[in-house]
Amino acid sequence: KNSEHIGNKAKNLLMLQSMNVPVPPFSVIPFDRLVSLLHSRQLSFNQKNIESLDIPDEWTSEIVEKHKTCKIFAVRSSSGVEDSTDRSYAGQFLCS
């Protein structure tokens with residue numbers, strides 16, 4: 001896993017998991033996978049394209065399979081633009 005393509009929340013969960021600390025099940029979609037998906041569909045990286053993007057069935061299937069025993073789960077953003085050593089914008093992105 002290339003940690004430069006995930007945010008601090010995901011990095012910390014992975015670190016705790018590697019230390020055998022019990023953490024809830026989680027999945028991470030790295031930033032580079034999102035960018036690759038946009039490029040494969042010849043879309044530029046902007047809010048409009050991201051908001052209108054259909055998540056590939058294989059991503060959905062992978063997440064559902066990994067968490068098939070979960071009835072309720074949270075979706076959290078963990079972007080490098082949200083998390084840094086000198087600022088935190090977590091939860092401040094518009095979602096509709």
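Tutor: H67 sits in the segment that comes after α4 (57-66). Helices are DSSP runs of H or I with at least four residues, strands are runs of E with at least two, and both are numbered from the N terminus. The model is predicted, so local features need pLDDT of at least 70 and side-chain atom pairs count only at pLDDT 80 or more, while totals for chains, interfaces and linings use all residues. Residues are numbered from 1 along each chain as its sequence is written, and side-chain values use heavy atoms, with hydrogens and water left out.

H67 has a relative accessibility of 12%, so H67 is classed as buried. The cut-offs are under 20% relative accessible area for buried and over 50% for exposed, with partly exposed in between (1.4 Å probe, protein chains only). If neighbours within four places in sequence are set aside, H67 is in contact (heavy atoms within 4.5 Å) with P25, F26 and S27. P24 belongs to the loop between α1 and α2. With a relative accessible area of 59%, P24 is exposed. The C-alpha atoms of P24 and C70 are 10.0 Å apart in space, and the two residues are 46 apart in sequence.

The term stands for a side-chain nitrogen of Lys or Arg within 4 Å of a carboxyl oxygen of Asp or Glu. Side chains of opposite charge can pair when their charged atoms come close. K68 is exposed at a relative accessible area of 59%, and E65 is partly exposed at 48%.

The structure holds 2 salt bridges. R33 and E62 also meet through their side chains in such a pair, at 3.8 Å from N to O. Because R33 is in helix α2 and E62 in helix α4, this pair ties together parts that lie 29 residues apart in sequence. R33 is partly exposed at 27% relative accessibility, and E62 is partly exposed at 47%.

The buried residues of α2 are L34, V35, L37 and L38. Their arc around the axis is only 160 degrees, taken from the directions between the helix axis and the C-beta atoms, so they are on the same side of α2. They pack against α3 (47-52) and α4. The face turned away from this buried side carries H39 and S40, which are exposed. After α2 comes Q42, with a positive phi near 55 degrees.

L34, L37, L38, L53 and W59 form the largest nonpolar core, which has 5 residues. Such a core is a set of buried Ala, Val, Leu, Ile, Met, Phe, Trp, Tyr and Cys residues joined through side-chain atoms within 4.5 Å. Helix α2 (residues 31-40) gives the largest share of the core, with 3 residues. Apart from its neighbours within four places in sequence, L34 is in contact with F45, I50, L53 and W59.

The start of the chain also reaches this region. H5 is in the segment before α1, and H5 is partly exposed at 22% relative accessibility. Beyond its neighbours within four places in sequence, H5 is in contact with P30, F31 and D32. The C-alpha atoms of H5 and P30 are separated by 5.3 Å, although the residues are 25 apart along the chain.

In the loop between α1 (8-18) and α2 lies M19, which counts as exposed at 52% relative accessibility. M15, M19 and V21 make a nonpolar surface patch of about 270 Å².

As for the whole chain, there are 4 helices and 0 strands. Of its 96 residues, 18% are buried. Among contacts between residues at least 6 apart in sequence, 46% join residues at least 24 apart.

Definitions and conventions: Patch = residues over 30% accessible without salt bridge, like charges linked within 9 Å, V, L, I, M, F, W, Y side chains within 5 Å. Areas by Shrake-Rupley, 256 points an atom, 1.4 Å probe, with all protein chains shown as cover.
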